[in-house]
Amino acid sequence: MTERQQLIAGNWKMHHGGPSGCALASAIVLACGDLAGVDVVVAPPFTGLAAVAHEVEGSRVSVAAQNMHHEPKGAFTGEVSTQMLLDCGCTWVILGHSERRHVFGETNDFVQKKTKAAIAAGLRPIVCVGETLEEREAGKTLEVVSAQVGAVLADLGGRPGYGVVAYEPVWAIGTGKVAGPEQAQEVHAAIRKQLAGHSADLAENTRILYGGSVKPDNAGTLLGCHDIDGALVGGASLDAESFSKIVEVAPSPV
Ligand code: PGA
């Protein structure tokens with residue numbers, strides 16, 4: 001049991017950026033409407049943000065973007081600013097997802113700039129961290145994760161509880177290989193300890209989500225771990241029924 005309200009976020013990645021996103025969002029609102037005590041967020045592609053935000057208006061579902069640029073405007077072809085996301089009705093933004101880090105080369109420094117800009121603009125960041133399989137096998141998991149968290153520690157610490165950290169081991173994303181609850185809890189506890197090094201307030205109030213092949217059948221065990229405060233769900237968030245089942249098993253705060 002936790003004193004922090006759990007958060008279940010669905011990362012739709014490059015799916016449902018058009019009319020099908022509205023249908024999925026409305027099915028999620030319907031399926032999750034009565035499930036109180038848990039925060040629910042959906043993250044459609046940029047092209048679906050405004051329509052999905054309109055669709056979920058007045059419900060308990062909030063909208064996140066999957067990325068943003070830290071500069072407010074300028075010659076950044078293909079990029080989107082914080083104000084543009086706010087104009088679309090976003091209240092959250094996923095930053096530093098492993099696909100951004102590993103496919104698009106985002107560094108800790110870049111993720112820090114985005115985190116700072118998001119908080120300043122009034123967008124709540126979900127900062128993703130996690131090791132590759134190679135790093136885990138080399139015994140570097142905590143070192144890698146600690147450098148990723150360390151990059152955004154001061155920014156998250158400026159407003160304890162406003163931002164969220166998502167631990168997503170890269171080897172568990174989209175692979176069906178889920179980290180065992182002990183493996184996940186160990187890293188979550190280390191992140192919490194690092195947050196405590198900044199302030200007790202930050203450690204107590206920051207939600208640390210787990211992500212990587214979370215499904216209705218493994219969510220209960222993961223979400224029951226002491227330092228796991230929710231989930232960032234990819235594949236299983238593309239189906240309203242499986243997503244709502246994950247929301248359903250999330251424990252309510254004590
Ligand atoms: P997955 O993705 O649930 O499909 O593994 C998680 C994520 O990338 O956020």
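An oxygen atom of the ligand lies 2.7 Å from an N or O atom in the Lys 13 side chain, a polar contact (a pair of N or O atoms within 3.5 Å). The structure is a predicted model, in which local features need pLDDT of at least 70 and side-chain atom pairs count only at pLDDT 80 or more, while totals for chains, interfaces and linings use all residues. Residues are numbered from 1 along each chain as its sequence is written, and side-chain values use heavy atoms, with hydrogens and water left out.

**Ligand contacts**
- The side chain of His 97 places an N or O atom 2.7 Å from an oxygen atom of the ligand.
- Gly 235 contributes a backbone N or O atom, 2.8 Å from a ligand oxygen atom.
- The protein buries 97% of the 290 Å² that the ligand exposes when taken alone (Shrake-Rupley method, 1.4 Å probe).

**Ligand shell**
- The ligand is surrounded by 13 residues, the closest being Lys 13, His 97, Glu 168, Gly 174 and Ser 213 (a heavy atom within 4 Å).
- This shell comprises 4 nonpolar, 7 polar and 2 charged residues, with Gly counted as polar.

**Second largest pocket**
- The ligand sits in the second largest pocket (more than half of its atoms within 2 Å of the grid points).
- A pocket is an open set of points on a 1 Å grid over the protein atoms alone, where a 1.4 Å probe fits, with protein on both sides within 12 Å along at least five of seven lines; lining residues have an atom within 4 Å of a point.
- Its volume is about 150 Å³, the space filled by probe spheres set on the points.
- Among its 18 lining residues, Lys 13, Gly 174, Ser 213, Gly 234 and Gly 235 lie nearest the centre.

**Largest pocket**
- The largest pocket holds about 440 Å³ of space.
- Its lining has 16 residues, and Lys 13, Met 14, Gln 66, Asn 67 and Arg 100 are the closest to its centre.

Notes:
Polar contact = N/O pair within 3.5 Å; in protein donor to acceptor, adjacent residues only side chain to side chain.
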